[in-house]
Amino acid sequence: CALPICTSEARTIGRIVFGIFGSRCELPRVPEWTPTSESYFARISKDRIAEALHEFGGTEVPLAIFGMKKQAMAEAAATFVGGKGWLPEVLRTLQAA
């Protein structure tokens with residue numbers, strides 16, 4: 001039986017697990033994975049895409065993106081962040097203190 005878990009708890013757990021394994025396995029700081037429409041943006045909600053775009057681009061994000069249908073929004077988001085090193089929060093490694 002699966003226990004219900006909210007999205008923020010899942011993100012927190014993901015960050016902790018990735019931080020532990022990332023530091024123990026010495027994962028590279030610059031991952032080779034890039035978020036694309038197919039690999040990431042089409043799999044999350046429009047609200048989450050909007051959060052990612054605001055986080056990445058702030059006021060530089062074209063407002064037209066936010067009114068698009070989900071598939072078009074996912075493709076535009078992938079183009080906007082593509083090749084610029086942005087990663088979803090759960091995939092970011094912990095910075096050395």
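1. A contact is taken here as heavy atoms within 4.5 Å. On that basis, among contacts in the chain between residues at least 6 apart in sequence, 69% join residues at least 24 apart. The model under discussion is predicted.

2. As to overall architecture, the chain contains three helices and zero strands, giving the pattern α-α-α when read along the sequence. Of its 97 residues, 27% count as buried.

3. Helix H3 covers residues 70-81, twelve in number. From first C-alpha to last, H3 reaches 16 Å, close to the 16 Å expected at 1.5 Å a residue. Just after H3, Gly83 adopts a positive phi of about 70°.

4. Which residues of H3 are buried? They are Met73, Ala74, Ala76, Ala77, Ala78, Phe80 and Val81. These buried residues of H3 pack against helix H2, residues 46-57.

5. A search of the whole structure returns one salt bridge. The side chains of Arg48 and Glu51 meet in a salt bridge, at 2.6 Å from N to O. Arg48 and Glu51 are three residues apart in helix H2, so about one helical turn separates them.

6. The burial of these two partners deserves a separate remark. Arg48 counts as buried because its relative accessibility is 14%, and the cut-off for buried is under 20%. Glu51, with a relative accessible area of 39%, is partly exposed.

Conventions. Residues numbered from 1 in each chain as written. Predicted model: local features only at pLDDT ≥ 70, side-chain atom pairs only at ≥ 80, totals over all residues. Heavy atoms only, no water. Helix = DSSP H or I, 4+ residues; strand = E, 2+ residues; numbered from the N terminus. Expected span 1.5 Å × (residues − 1). Buried < 20%, exposed > 50% of the residue type's maximum accessible area, 1.4 Å probe, protein only. Salt bridge = Lys/Arg side-chain N within 4 Å of Asp/Glu carboxyl O.
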